[in-house]
Amino acid sequence: MSTANPADTATTTAAAVPASPAAPAGTGADRRWVWIVVAVAAVLPLLHAVVPDIVSDYRLFLMSTMMIAAIAVLGLNLLTGFNGQISLGHGAFYAVGAYTAAVLMDKLDLPYWTLLPLVAAVCFVVGFLFGLPALRLEGHYLALATFALALAVPQMLKYKWLEGLTGGVQGIVLLKPEAPFGLPLSEDQWLYYYCLIVTVLLYWAAWNMLRGRSGRAMMAIRDHHMAADTMGIDTARYKAVTFGISAAYTGIAGALSASAIAFVAPDSFGFFLSISLLIGLVVGGVASLPGSIIGGIFTVLVQNSAQALSNFVKNDIGLPYDLSPYSVYGILLLVLMYVMPTGIAGGVVLAWRRLRR
Amino acid sequence: MAAFLEVNGLKAYYGQTQALYDVAFALEQGGITTLLGANGAGKTTTLRAICNMVRTEGRISFDGQPIVGRATESIVRLGVAHVPEGRGTFTTLTVEENLRIAAYTRGRSARAEVKRDLDMVFEYFPRLSERIEQQAGTLSGGEQQMLAVSRALMLRPRLMLLDEPSFGLAPLIVQEIFRILRRINNESKVSMLLVEQNAALALELADHAYVLETGRVVMAGPSAVVKNDENIRKSYLGY
Amino acid sequence: MEQLIQQIASGLANGAIYACVALALVMIFVSTDHINFAQGEMAMFSTYISWQLIQWGLDYWVAFFVTVVVSFVAGVLIERIVLRPLHSAPVLSIVVVFIGLLAICNSVAGTAWSYLIKEYPTPFPKELFGLSGLIGAHQLGVVIVTLIVLSLLYVFFRYTPLGLAMRAAAQNPVSARLSGVRVDWMLALGWGLAAAVGAVAGMMVAHIVYLDPNMMAGILLYAFAGALLGGISNPGGAVLGGFIVGVLENLVAYLGNAIEKGFGVYIIGNGEKLTVALIIVITVLTLKPSGLFGRVVVKRV
């Protein structure tokens, strides 16, 4: 299968992963860390009884949004990091997931816990359908197509004919999920556990897929498309399916956010969202599952600390510069590509290796 | 006294792969030397190394000046013209534009000179003068080769590196081109380093020959001697 | 009928802007194989610079030319400092850097000049050539300025030695080097020109869409659509594509209005402009990625 592009592009779409291993969390040591983190995360809310001010509802809510962001970045990473298909428009799938969930909850009164499989299915189909024409696009062209998608999403959501469903510019207001079975948990605490369970499941699923045959095929396609083709890998199928799975992951994140924020509106799904996902991908570490988690945490931190950061720069450093999240993103994107292209996860791996010597 | 082009201990790499291990040869001013060898011996790589188009180690001196590590453009500006494998034609530019781009480095003041050089080139290759406004990509293989040699001439070089000028061309055209190369060498005194797979043709044209095998020089001598060497005859000349 | 002609004329004016930005995109693409996602924001930033100069009392056209020169220099510097070290980096890194540039341009502009929408002056008097019935004076001025800029560029590339050297460097960098051309500087010049052309586009459009840091996003998208439609490897094609897309944009809106008036059904209108651009982009990329006039180059293994 030859791809005819208007100009000879000599570079491949191999992601910037020179040093970090292809296997996402292969060694036993890595796995141990994962278990520790999960255990700590599971126990955390229970500490509320002991230190209610530190483990407050607000903080738990914040951590839920971090997990949601992590899932979204993980989705993007599957497509871009592990499969080499650049997407600047993943915010679109996040929006589809959020709106699907919102509409199902609002119009059909479906309970929130039935949503995720449905949302995953819808987003998978949308992603797969987008992945089909994307098969012929590589590198810059795919980036261009997804860039266009990211810019057009808010407009599409405001389309008159969909207003009946989407609520137009005003969006849809939802209810936050309550703890089931009468458990003595606040809404934010239950949301935290809900997100945690979903995150762990999705992470495990991704990890499983990546270390198996599918994962190797995905990465082979990323590293040398033509060679993968000639080796008999059905690149078309893998690429389109990966698009679908990636969209499903990010869509699930969107659906979770609909529950968490209890509100969806078109203007929250603009270009800034897609850039945030890209930042999360790059800062956390391209082609790194733990990196996706770090990336998700990072984006939430930046957005939440925007005000504090801005004050810091203005008052403490004395620069007459309004440090918005957007500027932080811009500076980081540039600096990282020169200094630490493998992101934090890659940086940690390198540092760890050096320490062990 | 140092030769016009002197190469010693030349190593060259494509990325991590080493292609030349230890190449050494010399070229006298005004002479024609040929590099022979089978596919993959490193002939093209040697020419590329001289122009710093690949990662190079070793010593190369051109007219007494060391040129290893210099940018390709500046080596060219010293007077080295490389007619690359595949002709290197600017396919979307016209024939005239292809020739003029080679005169780019000469600047405004040389306009009259450039005109004279164009006339000279068309004298050598009348076929090109018939196709001045034609898009160079539509020329035949032979014509593109003539164009490539002409571009090299427009640089007013002191040394011409020719990479497989006979490749893919009909025998009659090849003979015509080689005849003209001999003329150019006689009239303009341009030194030539010729890489050729067609050993018989190359040995006809050149005064000296070096034989390369997997990145090393395995034989050197005047063409007449090399031509009659039994091994060479069997391996490269077919008899 | 008159309204239709008005729409087409106005579409041509928009198309002129898209053609400029599309040309800038193609210049960079042809020489470096990169798509400059930051082109719109760079143009916007240049426009703010010109606005500031005007605020400081400079005459419109003086500010215009100063901005063009400053943008040119900035383009050269960006290529040499930001992009040069990455020339062999993977595509993802390069795309990320462009997005980073985009974000920085946008946020710095927002910080320096706030996100409040500003008015931008027009240098064209209201009664320009008496055609102000069919086409506004500013719009006509936009088309004229654009045509002048495009003609100058055409003459430069076609008839000057430097222009030839730049074309050669873009088409075949290896052969260009072997002809003694300093290819690296040609790339930097290409960037400078692209930045300058983008600045012209920004300054022309600011009067129409009002000056704010997000003004170029939609325009960039349409410029992409135009460049792709015409052929992203073909400057002439891209310019034509820009004009076509500009007219198309208005015709679609006009058609939508007509249908709404005639049948009372709203199908498409001004609110869907970005979606239309997206559809054009996806359609061209899917059906004929080389566009109407571009060349198809099959990748060799």
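This section describes the chains, contacts and selected residues of a predicted model.

Chain A has 357 residues, of which 52% count as buried. Its secondary structure comprises 15 helices and three strands.

Chain B contains ten helices and ten strands. Of its 239 residues, 45% are buried. The C-alpha atoms of chain B occupy a box of roughly 45 × 40 × 35 Å along the principal axes. For contacts in chain B between residues at least 6 apart in sequence, 66% link residues at least 24 apart.

Two pairs of chains are in contact, and chains A and C share the most contacts. On this interface, 53 residues of chain A meet 49 residues of chain C. Four elements of chain A each supply at least two residues to the side that touches chain C: strand 1 (4-5), helix 5 (139-157), helix 11 and helix 14 (325-339). Helix 5 of chain A provides the largest share of that side, 13 residues. By class, the side of chain A that touches chain C holds 35 nonpolar, 13 polar and five charged residues.

Chain C also touches chain B. Here 15 residues of chain C meet 19 residues of chain B. Helix 6 (161-171) and helix 7 (173-178) of chain C each give at least two residues to the side of chain C that touches chain B. The top contributor to that side is helix 6 of chain C, with six residues. The side of chain C that touches chain B divides into seven nonpolar, five polar and three charged residues. Chains A and B, by contrast, do not touch, and their nearest C-alpha atoms are 13 Å apart.

The largest nonpolar core has 296 residues. Ala148(A), Val21(C) and Val281(C) have the most contacts inside this core. Helix 8 (residues 183-209) of chain C gives the most to the core, 18 residues. Beyond its neighbours within four places in sequence, Val21(C) is in contact with Gln39(C), Gly40(C), Ala43(C), Gly198(C), Ala201(C), Ile219(C), Leu220(C) and Ala223(C).

Helix packing within chain A was examined for one pair. Two packed helices are described by the angle between their axes and the distance between the axes. The axes of helix 2 (residues 57-81) and helix 11 (residues 271-284) of chain A come within 9 Å and cross at roughly 75 degrees. Helix 2 of chain A is therefore roughly perpendicular to helix 11 of chain A. Helix 2 of chain A contributes Ala69(A), Ala72(A), Val73(A), Leu76(A), Asn77(A), Thr80(A) and Gly81(A) to the contact. Helix 11 of chain A contributes Leu277(A), Gly280(A), Leu281(A) and Gly284(A). Six of the residues in this contact are nonpolar, five are polar and none is charged. Helix 11 of chain A also supplies at least two residues of the side that touches chain C.

Backbone angles in chain C were considered next. Most residues other than glycine have a negative phi. Asp33(C) has a positive phi, near 65 degrees. This residue sits in the loop between helix 1 (2-32) and helix 2 (39-55) of chain C. Asp33(C) has 19 other C-beta atoms within 10 Å and is partly exposed. Tyr210(C) also has a positive phi, about 70 degrees, although it is not a glycine. Tyr210(C) lies in the loop between helix 8 and helix 9 (216-230) of chain C. With 12 C-beta neighbours inside 10 Å, Tyr210(C) counts as exposed.

In chain B, Leu161(B) belongs to strand 7 (residues 159-163). Leu161(B) counts as buried, because 24 C-beta neighbours lie inside 10 Å. Apart from neighbours within four places in sequence, Leu161(B) is in contact with Leu47(B), Ile50(B), Val80(B), Ala81(B), His82(B), Val83(B) and Leu193(B). Glu96(B) is 65 residues from Leu161(B) in sequence, and their C-alpha atoms are 22 Å apart in space.

Conventions:
Residues numbered from 1 in each chain as written. Chains lettered and ligands numbered in written order. Predicted model: local features only at pLDDT ≥ 70, side-chain atom pairs only at ≥ 80, totals over all residues. Core = buried A, V, L, I, M, F, W, Y, C linked by C-beta atoms within 7 Å. Buried ≥ 20, exposed ≤ 12 C-beta atoms within 10 Å, placed from the backbone. Contact = placed C-beta atoms within 7 Å. Axes fitted to C-alpha atoms, helices over the stretch in contact; angles between N-to-C directions. Parallel < 35°, antiparallel > 145°, perpendicular 65-115°, else oblique. Nonpolar A, V, L, I, M, F, W, Y, C, P; charged D, E, K, R; others polar.
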